[in-house]
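Dear colleague,

I am handing over the structure below, together with some notes on what was found in it. Please look through the sequence and the model first, and then read on.

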Amino acid sequence: MSDTDPTTATDDTLRTPIVAVLGHVDHGKTSLLDKIRGSAVTAGESGAITQHIGATAVPLEVISEIAGDLVDPTDFDLPGLLFIDTPGHHSFSTLRSRGGALADIAILVVDVNDGFQPQTLEAIDILKRTQTPFIVAANKIDTVPGWNPNEGQPVQQTMDAQSDRVQSDLNEKLYEIIGELSDNGFSADMYWRVQNFQANIGVVPVSAETSEGIPDLLTVMMGLSQRYMKEEMEIDTSGPGVGTVLEVKDTQGFGTTLDAIIYDGTIRNDDTIVVGGLQGPIITDVRALLRPRPLEEIRTEQEFEQVEQVAAADGVKIAAPDLDDAMAGAPIRVIRDRDRSEVIAEVEAELAEIEVTTQEE
Ligand code: GDP
């Protein structure tokens, strides 16, 4: 483990905000996530790119490289953004933390040509219900007839470079989206005109095809988190880990494992954990914590490497006995020096909460 590994810190630390991507089918959620991941790999080529389980971490220095003049890294002390890899509101609703949403913040993707569609409205309802702050990515701006793409550029720059006709066509589409947000009870505007992101929804025109506006999207998400969520991001990284199961699956050589996101504290490879299962809480001992091997390492037989510990917020694969009954969306809590029965009771309470929501839906 390197000296700079944040998991070795004992003080309170600011964790990475967890970001979810929502929106109607085919509006570009997957393309947008792929683009962010791709841009992060390119921008971070000088440094090591670490792979993650179930989520993509984009560190502040990479965001600042992608965003160029838009971001002054000294304005931020949050470490970056962690994007949940499975987009859509099903995963958003399933992945919970302490009764709320696992994601701290969301991007609602809306196709500029298609506007609001049934799943856009469903996503809005869920965001409202969970009081999750969000911004709107008005996607596919490159499909406006006559658009002249400027790969990877900030959006105002590329909009200014378009013909008057194209600009007015795009603006018309963007104002329709702003109108639809308003019909749904949200005051919204182009992000560069929004002063208070708590009171107003910022709309960021983007293209997941040409990366135009991606610098803006990352900058706005970073700014929003830093400004309004810093307190919620304060965690004790040395505390016992708390997380959510993304997926229960077989991993060669390890049997049934959990892909999980840890959103508080730290999980260690010798911890005892309580996991939500179909028949109630499962109490088990961690056998191994696994991460994908770094890309630059020569491929070996083993896809994963073992790590000693993982600190929030991050994805990890947990190998332990007795996980067959574990459920996606269920809580995970480390016992460590805490009272065992108290931790079990917390997991039971969280499980009851999940059952209630499942019945409602
Ligand atoms: P999802 O269902 O919301 O995840 O949507 P996808 O990411 O699968 O995108 C649906 C289709 O739209 C795919 O064919 C993408 O290539 C295309 N697409 C997504 N974003 C853009 C964009 O910004 N510009 C263009 N021209 N096509 C896009």
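To begin with the salt bridges, Lys249 pairs with Glu247, and the closest N and O atoms of the two are 3.8 Å apart. Please keep in mind throughout that this is a predicted model. Lys249 has a relative accessibility of 32% and counts as partly exposed, and Glu247, with a relative accessible area of 40%, is partly exposed as well. This pair belongs to a set of 17 salt bridges found in a search of the whole structure.

The side chain of Arg333 meets that of Glu346 in a salt bridge, at 3.0 Å from N to O. This pair joins distant parts of the chain, since Glu346 lies in helix α8 (residues 340-360) and Arg333 in strand β21 (residues 331-334), 13 residues apart. Glu346 counts as partly exposed at 26% relative accessibility, whereas Arg333, at 7%, counts as buried because the limit for that class is under 20% relative accessible area.

Arg333 also forms a salt bridge with Glu350, at 2.7 Å from N to O. Here too the pair links distant parts of the chain, with Glu350 in helix α8 and Arg333 in strand β21, 17 residues apart, and both Glu350 and Arg333 are buried. These residues are part of a network of salt bridges that links Arg333, Arg338, Glu342, Glu346 and Glu350.

The ligand is surrounded by 15 residues, of which the closest are Asp26, Thr30, Ser31, Asp142 and Ala208.

Several atom pairs show how oxygen atoms of the ligand are placed against the protein. An N or O atom in the side chain of Ser31 is 2.6 Å from an oxygen atom of the ligand, while for Gly28 a backbone N or O atom lies 3.0 Å from a ligand oxygen atom. Asn139 places a polar side-chain atom 3.1 Å from an oxygen atom of the ligand. On its own, the ligand has 580 Å² of accessible area, and the protein covers 71% of that area.

How values were computed:
Residues are numbered from 1 along each chain as its sequence is written. This is a predicted model: local features need pLDDT of at least 70, side-chain atom pairs count only at pLDDT 80 or more; totals for chains, interfaces and linings use all residues. Side-chain values use heavy atoms; hydrogens and water are left out. A residue is near a molecule or strand if one of its heavy atoms lies within 4 Å of it. A polar contact is a pair of N or O atoms within 3.5 Å; within protein, one must be able to donate a hydrogen and the other to accept it, and residues adjacent in sequence count only if both atoms are side-chain atoms. Accessible areas come from the Shrake-Rupley method with a 1.4 Å probe; for residues, only the protein chains shown count as cover. A salt bridge is a side-chain nitrogen of Lys or Arg within 4 Å of a carboxyl oxygen of Asp or Glu. Buried means under 20% relative accessible area, exposed over 50%, partly exposed in between (1.4 Å probe, protein chains only). Helices (H or I, at least four residues) and strands (E, at least two) are DSSP runs, numbered from the N terminus.
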